[in-house]
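This briefing concerns the interface between two chains. Please view the sequence and the structure before reading the points that follow.

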Amino acid sequence: MTPSSRGQIPDSHELGAPLRAAVIGAGAISLEHLPFLRDSDRADLVGICDLSPVSAKIAARRFDAAAGYTDVAEMLSSASPHIVHVLTPPHTHASLVDMCLDAGAHVFCEKPMLPTGAEAQTLLAKADALGLHLVENHNYRFNDEILAVRDLIDNGQLGTIAEVDVRMALQIRGEESRFADQNARNPIHDMPAGVIHDFATHFAYLMNTLSGHPVWGPVSAHWNNHGGGDLFTYDDLDALMIGDAEGNPVHGRLRFSCRTSPDLFSVTVRGSEGQATTDLFHPHLEVLGPRPGGAQLTPIVNHLVNGTKLAGAGLRNFGQKLLQHGPYHGLVRLLDQTYTALQAHEAPPVTPSEIQGAADLIDALLAPEARR
Amino acid sequence: MSAKHRIFITGATGFVGRHVVADAIARGHDVVALVRPASSASALAAAEATGRLSFARGDLASRDLAEMMQGCDAVLHLAAVKGGDFFSRFSGTVIGTESVLNAARTAGVDNLVAVSTFSVYDYRQRSANSVFDESFPVISDPRGRDEYAETKLYQDELYEEFGAEDGHHMVMLRPGMIYGRDQLWHPLLGGEFGPIDLRVGAKGRPPIIYVENTAEALVLAAEALLDPARQASVDGQVINLVDDDLPTQSEYAKKVEALEDVPSSIFVPLPIMKAAASTVAAINAKVFDGRMKVPSIALPDQVDARFKPFDFRNDKSKRLLGWTPRFDLDAALRRSAGSVDLVADRLAAS
């Protein structure tokens, strides 16, 4: 299969037609992708591949895929997908993405796509040379709350952005945690940042996109293993970064902890005119900024408005929970936009430079000089 | 007493597994117990002391599972995941079973005692109080059912595939709700609805079975499968397991309440629970397009599965396995409430 020209999908795809989609890996994360692929008019689910025959068979049955496979090469050859979702553990991504690109398919890869920025660069360059698109899952960028924050930034309500704070608290060491099972070691432990690598891509792309994609200057990262033991490489991250002083001197703070409660994924953006805060696990949006009534009344109006919104968010979140509109809802929006773009032979919403930028920031956080 | 066999048991340190190990050893068999690398095997200390138990340290996904099974006459597969989201259950129960059966194929272990569940039956297909035996219909489409039933149905498919292969022999046991020490209060009495505990129904006689009775039936099934004279009678059979003289929900609850603290709960008559569940299901379908996540106790098929009264029978298990429940309800509750090491006690009684 030969791509017809740079930036277009393979010749076999007719402009506007549904994309022949395939999935590699029928694990837990596939349950976030497969409902879209089953239900969307933009996708025709032609195959699901997993090393476990029963996983491939049952996933194909549950999500109305044309066939289940246990061999990637066979699926790529038989099903001729236009796009493949690579949903396997991270250490397998490089070879699988490479195979899919060689087969002439676009790739939508789960995060973290690759362990290092250099490896990401190699595959992004290969995709570009083949006229194919390689997209990493940056789902939280497409959540309602982050889009609302982006609107505030884009329409100038927050002024010039000076600080971005991304903070996650998650009980990764809890008894119920899939990362803490000594009997079934999660492969994410083998990534350079250990378990935190599973979330680092989210931190990095949110930091980059909300701070205006600065060239990061000094980065200081404290990686800790407060809980000790051999299973976890790190269970705590506290990092500060400052943008290029001559370009965009934004300050960033990334924080991950498994020692505080409740679980949260908060994002705060502070600008010269105001600030916005949200929590992606328990969605709400607090905006502090100039209000009618002047400087004297602004703090009171801010509290009244945000208090009312917070109460409303509580009720709305209860309804959203009942309707299973969870923190991963941005993925469906991202997939829909990606498929819409590819159907039209246009570029998807997550760009190679954004993918590279996230990988490079993780590299910077792990670099020896950041730990001094 | 049957001939001596070597039986590979998964889930060996679990609630049921430890009693199966004890019973198998008490009946003269050798046991290879699969125990996860970081899990304690202290529950099996008395069994280990007999010298008839060896441990295979690994889990269902271990690459050397087939090697661990070498020389065994049968696999008795108990391990399953009963909690968590769909994928946790699918991974632990279905993929785990696939791995065990593949290992058995590689190791040349042709005999399988497969443990299924009553949850695979379609309780909506027959009217209340009708006879419930192995001819009761099984759920035809797993999709849309609760995660436990769905994954156990997929597991049953794997069992049946294995049993249908040349040279393989398989008997599938479906125990009712298993109770025992630390697990006396069970979901067939009621359950959580958000922050509230509900008791649903009082007069039904749920299909319960005491854990040590279950263990003995499973070992008897292995013996029957491995006995050339009896193999044909159980090969490919599905056998339900419930105790004799099943108590009503109310009778059972009163006896348990006399032994231990039970959750304080609100009583809901079964017809009201059924009506409420049907109403919620209709609203969910019409208003929310089925997207609303409803607590399992309020799902119509779950209400039927857990509380609808039937006339549960155990004739087939008695006939094919030669099994009679060793402990009646009172004896079972006494043993459950006591502090004696039940594994050691079973071994001492042999």
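A polar contact is a pair of N or O atoms within 3.5 Å; within protein, one must be able to donate a hydrogen and the other to accept it, and residues adjacent in sequence count only if both atoms are side-chain atoms. By this rule, ten residue pairs, both at pLDDT 80 or more, are in polar contact across the interface of chain A and chain B. This is a predicted model, in which local features need pLDDT of at least 70 and side-chain atom pairs count only at pLDDT 80 or more, while totals for chains, interfaces and linings use all residues. Residues are numbered from 1 along each chain as its sequence is written, and side-chain values use heavy atoms, with hydrogens and water left out.

**Composition of the chain A side**
- Helix H2 (53–62) and helix H8 (294–322) of chain A are the elements that each give two or more residues to the side touching chain B; helices are DSSP runs of H or I with at least four residues, numbered from the N terminus.
- H2(A) gives the most, with seven residues.

**Salt bridges**
- Five salt bridges (a side-chain nitrogen of Lys or Arg within 4 Å of a carboxyl oxygen of Asp or Glu) cross the interface of chain A and chain B.
- In one salt bridge, A:Arg61 meets B:Glu157 at 2.8 Å, N to O.

**Extent**
- Chain A and chain B each bring 21 residues to the contact, which means heavy atoms within 4.5 Å.

**Confidence**
- The complex receives an ipTM of 0.91 and a pTM of 0.92 from the predictor.

Note on methods. Chains lettered and ligands numbered in written order.
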